[in-house]
Amino acid sequence: MKARVLSWLILPLIVFTSAIAAPPSDAGWKRIDDGLHYGIFDVSAPRVVDKAKILVIRIDPGLYEFSLLAASELRLPAGSLTVKEWADKYRLVAAINAGMFQEDLKTNVGYMKNYGHINNPRLHRKYASVFAFNHKTAGAPPMIWDTDAKQLKQIINEYHTVIQNLRLIKRPGLNRWGPQENRWSEAALGQDEAGNLLFIFSKSPLSMHDLGNILLALPIGIACAQHLEGGSQASLYLRHRGVEIKEVGASDLVMTVSRANDGFLPIPNVIGIKKKKSTKP
């Protein structure tokens, strides 16, 4: 999503596709691999015909490593890769938007760094959620921090990888997005009470206030969450152990199905996961 204007309000063609190769489940979790599960939750939601579908992928950070891949760091042309192409090119188990991006099609709206590469040096005062991993002290797990609980500068000093985004849910489970009329499909990142990371995708266009309430009511133990992307650029892809999940978003406008590139639009920055190598002899 470009920072200057909300893309879902101006795009003449809204893309909406969804495909899941593994058998879906209306409730609970389906195992993909050790430490990797997904659930599809059908829920009642305001202004949604029938029910909204919320997809959640639960990731154990003890078994999966996280990475930030940015076109600016990898010297890729702007607009070159979709989320599926990111996953295929860099052999990721799964990938999702890393955040909204600016008009240059490369720079995150909030602060973003990956080790020595600074994608955006600006500390955005209104962006109160930070995903931080690759701690400078070995063994510390990935965390979603609230910047009113831990200062952003302190987080930057402690972690090699830092991604600042808008907050959806504040620890310990407080909806921080006010009521609004605008609705869109949503890619979000959450963390549960056990420390698992959650890739979240709402297929149905929802207000973020309603989505926050829905996530808090689901049996997923969510503690916090941040907004990654909304509208037609919201993307999620997973392929592992015979399971393939493809999600691409829409806004509250008329939804049109497109089969080109599975409906995915190029995005400049993704959060990806890979399974950690076994330490067993």
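Me: Which residue stands opposite alanine 94 in β19?
Reply: This is a predicted model, in which local features need pLDDT of at least 70 and side-chain atom pairs count only at pLDDT 80 or more, while totals for chains, interfaces and linings use all residues. Residues are numbered from 1 along each chain as its sequence is written, and side-chain values use heavy atoms, with hydrogens and water left out. Strands are DSSP runs of E with at least two residues, numbered from the N terminus, and two of them pair if DSSP finds at least two bridges between them. β6 and β19 pair in the antiparallel sense over 4 bridges, and the residue of β19 opposite alanine 94 is isoleucine 273.

Me: What is the bridge partner of glutamate 65 in β19?
Reply: Strand β19 also pairs with β5 in the antiparallel sense, over 7 bridges. Within β19, glutamate 65 has as its bridge partner lysine 274.

Me: How many of the 7 residues of β19 are buried?
Reply: Buried means under 20% relative accessible area, with a 1.4 Å probe and protein chains only. Strand β19, which covers residues 269-275, is mostly covered, and its buried residues number 5.

Me: Is leucine 105 buried, partly exposed or exposed?
Reply: Leucine 105 lies in the loop between β6 (94-97) and β7 (112-114). Exposed means over 50% relative accessible area, and partly exposed lies between that and the 20% limit for buried. Because its relative accessible area is 28%, leucine 105 is partly exposed.
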